[in-house]
Amino acid sequence: MLKLNLKIAFRNIWKYKATNTIKLFGLVVGLSTVIVLISYVMYELSYDRENPNADRVYRIHLIDKAENTERSSSPLGFAQVLMENIPEIEHASRLQANPLEINVGRNEFPVELNMANLSYFDIFGIKIVQGNKSALSLPNTIAISEKLAKIFFPNKSAIGQFVTVKHPVPQQIVAVMQDLPEASHFKGNVFANIKEEEPFKWYGYRLSSEYILLKKGASIETVEQKLRSLSKQYQVPEHYRVKFMPVTKIHLYSHTDTEIETNSDVKYIYIFCTMAFFILFIALINFINLTVSASLKRGKEIGIKKVMGASVKQLRVQFLSESYIYFVVATFLAMVISYDLVPMFSDKLGIAIDLKTVFNIKSMLAVSALIILSGFLAGFYPAIILSRLMPVKTLKGNVNTSTSSFSLKKSLIVIQFAVSAFLIVCTLVIYSQLNFISNKKLGFDKDHVLMAESKKGFWQGYDDKYESFKNDLLRYKGIESISLSTFNLGESYREVSEWTDKKDSTKTVQTAMIFSDFDFIKTLNLELVKGRIFSNQYGVDRAKYSSSPEKGQSKEALEKSQLSRPIILNQTAETELKLAGQLNKTLNLPGLKGTIIGVVKDFNGMSLHSKVTPMALYVEPNSNAGHTYIKIDPLEIKSVKRAIETVWRKYFTIPAPEFSFLDDHLEKLYLEEMRLGSVFISFAGIAIILCCIGLFGMVYFDLEQRTKEIAVRKILGASAKDLLALLNSGFVKMIIIANIIVWPFAYYLIKEWLNGFYYRIELSYQPFLVGLLICLTLTILTVSIQAIKTLKKSPVDALKYE
């Protein structure tokens, strides 16, 4: 019997090639898209899970209850204090990640340096494959990854070799460690040991990413309970709450301003899982509707089989077996296609999805389950409908299905249109928000500004040459201004001062501190609202200021000097500190001392996800660290880069830093949103195309069934315009109903996504109406193109049909 069913199935597939090609194409597109989306979800969920101790590793976070903010860092040495006082903690370490260059002979390589204590290897489960971990306790020693060892020393052992990292003192490689997994919330291929020498303190502290590893069997709840008793002993401020973030949740659930690497968001997991479900759902609906419509042509076959004694069960098995043939073939093709699509997809997102995580035994079992379930769902409904057809009616050519089945068919079409409308609206809003981010005025001139990062201590010993270098460079055509500042636009302010409000002890005040030379405001074209900017003409601006007393200087003289130091605030700082209209006012706050000489318009140098923070600008002409910004003429880019290289070699022996455009640097802040947005739009487009394919098939069969009706109407005088309106009316009604149903859900979900941006577009009725118009246009075009072909046929030929 099975052999006969398969023979009939293949015969029918070959007989109706056009119809079955549409069905198979829709399934292949749907399943391959689902596989690609699921591969992304599996990759995101795998972050930090290759660590054998993953379930026992936590990062210490600080939550400011007064400001409702969270940091992924804590005071330096806090984890060590916890380990010494709480026996449930086995290991503790801080982690400082720094991108830098390493010199091997005459060659320079970019690397990621991780600085921590030796517990780093136990906490993150990193094995030493060559050398000795204990040797890392010696000064000027490092460990490198297996991959770097092969690059640096391809024909010999890396152990005992010397390289130069960060400073001229050679570093000896004493260990080779296994490579960190790609799916890790931090990157690192070089390790250096840090000895914890700075005492732990809650006031005047330095922040650091700190991790703990619990002993086996210990619970984090016990640690939290014991921490409460230590809070008074170590003077933990009342407005702070310590939070232990599981390392496996960092990538998807942690979004603080002090992350080591930019994290993803669990909401994207939900979005892409929903997208995968929608696409698979649309593909199944297409398959069901097309199968039912196409199989109505087989009414006589069903009637004869019933007359010859075929049971309902046998007929259902036949149609289910046909369904499974489609799904087995479609799944095989989808796996082959997705094998090439997954690497392309991961490249577009800037991630490295390992094909082994997608095409393994577990995945194959999941795919098998998908085939069985989807094939059953897609084949069960048509099998029931078609097996119920009465032989007497089908042999007479009357194969119309019941009203209830027709209603279910219409319901499926409405759901399909609703999904399409939802995706179109989401696509329009996402595109608008991403376009808004790209074009929003930030309050400073980001165009035609070159930026070069100078690492800490980079200018040490070159301060006298920097001014000469700057003045020499300014003589070249195309270079308009140069500035050095501690503010790394888009990354960090470097220094943030914080103190408790005297009037309200539960409230903390934070101000970003920006130190720069005289030309920072000019280079970025910041707008001065009131007062004056820093100028070399004023002695108070040129003066040198210190945070600690110099030799022979009294505390009173130091404080007087600090209070006279000129400050320029932004508008937010002026408002927060309630200093409106108070130019030349002296500030003597715990974290902010000086005299206000001006106020600049708010400028957003950080992510648009958060609002502009209060800022205080200080002039520091002789700074020894910072980021170089060079304003250039866009027509002289090539000559400017040549000039920088020429002048650099004239003054410095070390290699010149890499320069990139500031606007490109700032776009990286939204790289994840841009990538995921473009991917969402692409997959939404695929879902909409699938809907159109399904609609095309449905219209084709609907017109075939109504061939005689259309012919009679034409003979009775109906015009082509009237017939087109009639044929479109049913689908237009379903589209309007589908849009009205989906709008509330779309509005809520889109609003939630937009709330993740402090600066965002206003959600209006326009995307909903545009989405409706797009749905109507696509549907009317699809129906009309098919209908025109039918209307061109002679009514005489149609009425002679059979």
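In which strand does Asn 103 lie? In this predicted model, Asn 103 belongs to strand E4, which covers residues 89-104.

Asn 140 is found in the loop that runs between strand E6 (128-131) and strand E7 (141-145). Its phi is near 60°, a positive value in a residue that is not glycine. With a relative accessible area of 39%, Asn 140 is partly exposed. His 448 likewise is not a glycine, and its phi is positive, at about 60°. This histidine is located in the loop between helix H14 (403-439) and strand E13 (449-454). The relative accessible area of His 448 is 35%, and the residue is therefore classed as partly exposed.

Helix H6 comprises residues 220-231, 12 residues in number. From its first C-alpha to its last, H6 reaches 16 Å, close to the 16 Å expected at 1.5 Å a residue. Which residues of H6 are buried? They are Ile 220, Val 223, Leu 227 and Leu 230. When H6 is viewed down its axis, the buried residues fall within an arc of 65°, so they line one face of the helix. On the other side of H6, the residues Glu 221, Gln 225, Arg 228 and Ser 229 are exposed.

Finally, a pair of helices may be considered. How do the axes of helix H24 and helix H25 cross? Helix H24 spans residues 720-754 and helix H25 spans residues 766-791; their axes come within 9 Å and cross at roughly 155°. Because angles over 145 degrees count as roughly antiparallel, H24 and H25 are roughly antiparallel to each other. The crossing of the two helices is right-handed. Sorted by class, the residues in the contact of H24 with H25 include 21 that are nonpolar and five that are polar, with no charged residues.

Terms used. Residues numbered from 1 in each chain as written. Predicted model: local features only at pLDDT ≥ 70, side-chain atom pairs only at ≥ 80, totals over all residues. Heavy atoms only, no water. Axes fitted to C-alpha atoms, helices over the stretch in contact; angles between N-to-C directions. Helix = DSSP H or I, 4+ residues; strand = E, 2+ residues; numbered from the N terminus. Parallel < 35°, antiparallel > 145°, perpendicular 65-115°, else oblique. Left-handed = near helix turned anticlockwise from the far one by under 90°. Nonpolar A, V, L, I, M, F, W, Y, C, P; charged D, E, K, R; others polar. Expected span 1.5 Å × (residues − 1). Buried < 20%, exposed > 50% of the residue type's maximum accessible area, 1.4 Å probe, protein only. Arc of directions from axis to C-beta.
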